[in-house]
Amino acid sequence: MGDKIDSMDGVHTQNPFSPTFGSTPPMLAGRNQVLKRFFDALDTGPTHPDYTLLLTGNRGTGKTALLNVLEAQVAERGWMFITASASAESLSERIVSEAKRCIARLKARRGSTRVSSVHMMGVGVSLDASLQGPKQSSSLLAVLEELGELLAQRGGGLLLTVDELHDVDRDDVRNVASAVQIVTRRQQRPIAFVAAALPLIADTHLADSRMTFLQRCARAWLGFLDEDETRMALQQPILDAGSTIDNDAIAEAVALTLGYPYMIQLVGFQAWQMRENLSDPISLSNVQAGAMEAEMIMVDQIAGPIWNRLSPMDRRFLIEMLADEPDSCLTDIAIRLGRSVQYARTYRRRLIAAGAISISSKGRVRFLHHALRSQAEMATRQE
């Protein structure tokens with residue numbers, strides 16, 4: 001067993017990790033630059049390019065968690081925020097409804113820009129019934145123009161966040177983008193916009209010639225964490241909870257998670273749970289057992305949803321990669337498919353956008369995560 005890493009006295013029984021989608025991890029490692037960019041934009045105002053920002057990243061890279069942090073921090077500044085995500089309900093209608101409530105609050109409490117409570121999923125503003133705005137229907141542009149004018153007069157601002165933008169109806173996205181472009185960029189009102197989406201949005205909404213506003217939004221790619229960031233994201237929550245982890249255990253955890261933010265939370269959570277006695281340090285065996293549990297969860301929650309969205313040829317491409325380890329030559333895959341290299345390149349691009357594979361070196365690709373390999377192996381056994 002390796003040497004123990006020093007910790008605080010006293011062990012908390014509550015697991016410090018949060019491996020659930022939409023939750024904020026105990027430490028948001030590796031995202032300081034994105035946060036700095038955005039808050040520099042708020043300090044500058046609507047002329048700053050990052051005042052309208054599109055976050056992209058594969059599943060499990062912490063897009064929703066980052067939105068949560070942005071919302072919490074603007075609330076500390078006294079700003080309002082509205083948060084929405086893809087659902088059966090119209091995004092535009094929900095924003096109109098919640099913007100009206102913000103207007104009612106501003107009019108009812110002059111100079112106040114704080115919101116009483118916020119829900120993390122769906123639309124995020126809750127107010128007393130006495131503060132509800134008018135019930136008549138209004139266009140999204142008209143409502144945001146009124147809200148923007150009030151905010152400009154009385155101080156403060158509004159952050160509008162949209163999660164899972166790639167799954168929002170395209171006409172609905174155009175409507176929201178058009179309104180924000182006019183109010184924020186042309187009229188220079190203090191309404192900031194941050195949306196999060198999977199990389200596949202590049203081939204859908206961003207490929208639409210009528211999505212000029214979205215195409216001009218600043219971009220921030222949320223990738224995997226480097227080794228130091230991964231170590232910090234795993235180690236610091238354990239220390240803050242008053243526990244310890246062996247040096248060989250933390251080294252193994254860093255190696256097994258590969259910097260994947262969701263996997264970091266899963267392995268940390270499972271390794272913590274594997275101990276029979278919470279006063280014991282987290283050991284190498286705890287990490288290894290926890291990683292096995294985490295791998296199965298990754299297959300169900302990350303690899304499965306990705307696989308289900310793929311076309312038959314996308315899936316066949318991945319199955320043909322199983323013959324290689326750790327990566328595959330694109331030319332070999334083309335031969336196995338009985339297709340040209342150009343044809344294989346098209347599916348390589350599609351699978352990268354879907355979050356299934358990554359480029360390992362020139363002309364070579366690998367599974368983005370071992371869970372995707374496991375999913376492809378399961379598919380072959382079921383055939």
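This report describes the fold, the cores and selected local features of a predicted protein model.

## Overall composition

The protein contains 14 helices and 8 strands. Of its 383 residues, 53% count as buried. The accessible surface comes to about 17,100 Å², and carbon and sulfur atoms account for 49% of that area.

Contacts across the sequence were also counted. Among contacts between residues at least 6 apart in sequence, 77% join residues that are at least 24 apart.

## The parallel sheet

An open sheet is formed by 5 strands, arranged in the order S2-S3-S4-S1-S5, with parallel pairing. Strand S2 (80-85) and strand S5 (218-221) are the edge strands, each pairing on one side only. From one strand to the next, the twist averages 15°.

Strand S3 has a partner on either side in this order. Strands S2 and S3 run parallel and are joined by 6 bridges; across this pairing, Ile82 stands opposite Leu160 in S3. Strand S3 (residues 158-163) also pairs with strand S4 (residues 191-197) in the parallel sense, over 5 bridges. Here Leu158 has Ile191 of S4 as its bridge partner, and Leu159 stands opposite Ala192 in S4.

Because 6 of the 6 residues of S3 are buried, the strand is largely enclosed by the rest of the structure. In a regular strand the side chains alternate between the two faces of the sheet. In S3, Leu158, Leu160 and Val162 lie on one side, while Leu159, Thr161 and Asp163 lie on the other. Both faces are covered, and all of these residues are buried.

Helix H3 (residues 91-108) lies across S2 and S3 and runs at about 165° to S2. Helix H5 (residues 170-186) lies across strand S1 (52-56), S3 and S4, at about 145° to S4.

## Nonpolar cores

The largest nonpolar core has 50 residues, of which Met298, Phe317, Leu318, Met321 and Ile357 touch the most other members. Helix H10 (residues 284-309) gives the most to this core, contributing 9 residues. Apart from this core lies another, of 38 residues, which includes Leu144, Val173, Ile191 and Phe213. Ile191 is also the bridge partner of Leu158 in the sheet.

The surroundings of Met298 can be described in detail. Leaving aside neighbours within four places in sequence, Met298 is in contact with Tyr260, Tyr262, Met263, Leu266, Ala303, His369 and Ala371.

## Loops and backbone geometry

The peptide bond from Glu325 to Pro326 is cis, with omega near 5°. Pro326 is found in the loop between helix H11 (312-321) and strand S6 (328-329).

Positive phi values occur in two residues other than glycine described here. Gln188 has phi near 60° and lies in the loop between H5 and S4; with a relative accessible area of 32%, this residue is partly exposed. Leu258 likewise has phi near 60°, and its place is in the loop between helix H8 (247-257) and helix H9 (261-274).

## Asp208 and its contacts

Asp208 is placed in the loop between S4 and helix H6 (212-216). Its relative accessible area is 8%, so the residue counts as buried. Leaving aside neighbours within four places in sequence, Asp208 is in contact with Arg170, Arg174 and Gln215.

## Cysteines

A search of the whole structure finds 0 disulfides. How accessible are Cys102 and Cys329? Cys102 is buried, with a relative accessible area of 1%. Cys329 has a relative accessible area of 19%; the limit for a buried residue is under 20%, so Cys329 is also classed as buried.

How values were computed:
Residues numbered from 1 in each chain as written. Predicted model: local features only at pLDDT ≥ 70, side-chain atom pairs only at ≥ 80, totals over all residues. Heavy atoms only, no water. Pairing = 2+ DSSP bridges. Helix = DSSP H or I, 4+ residues; strand = E, 2+ residues; numbered from the N terminus. Axes fitted to C-alpha atoms, helices over the stretch in contact; angles between N-to-C directions. Contact = heavy atoms within 4.5 Å. Disulfide = S-S within 2.5 Å. Buried < 20%, exposed > 50% of the residue type's maximum accessible area, 1.4 Å probe, protein only. Areas by Shrake-Rupley, 256 points an atom, 1.4 Å probe, with all protein chains shown as cover. Core = buried A, V, L, I, M, F, W, Y, C linked by side-chain atoms within 4.5 Å.
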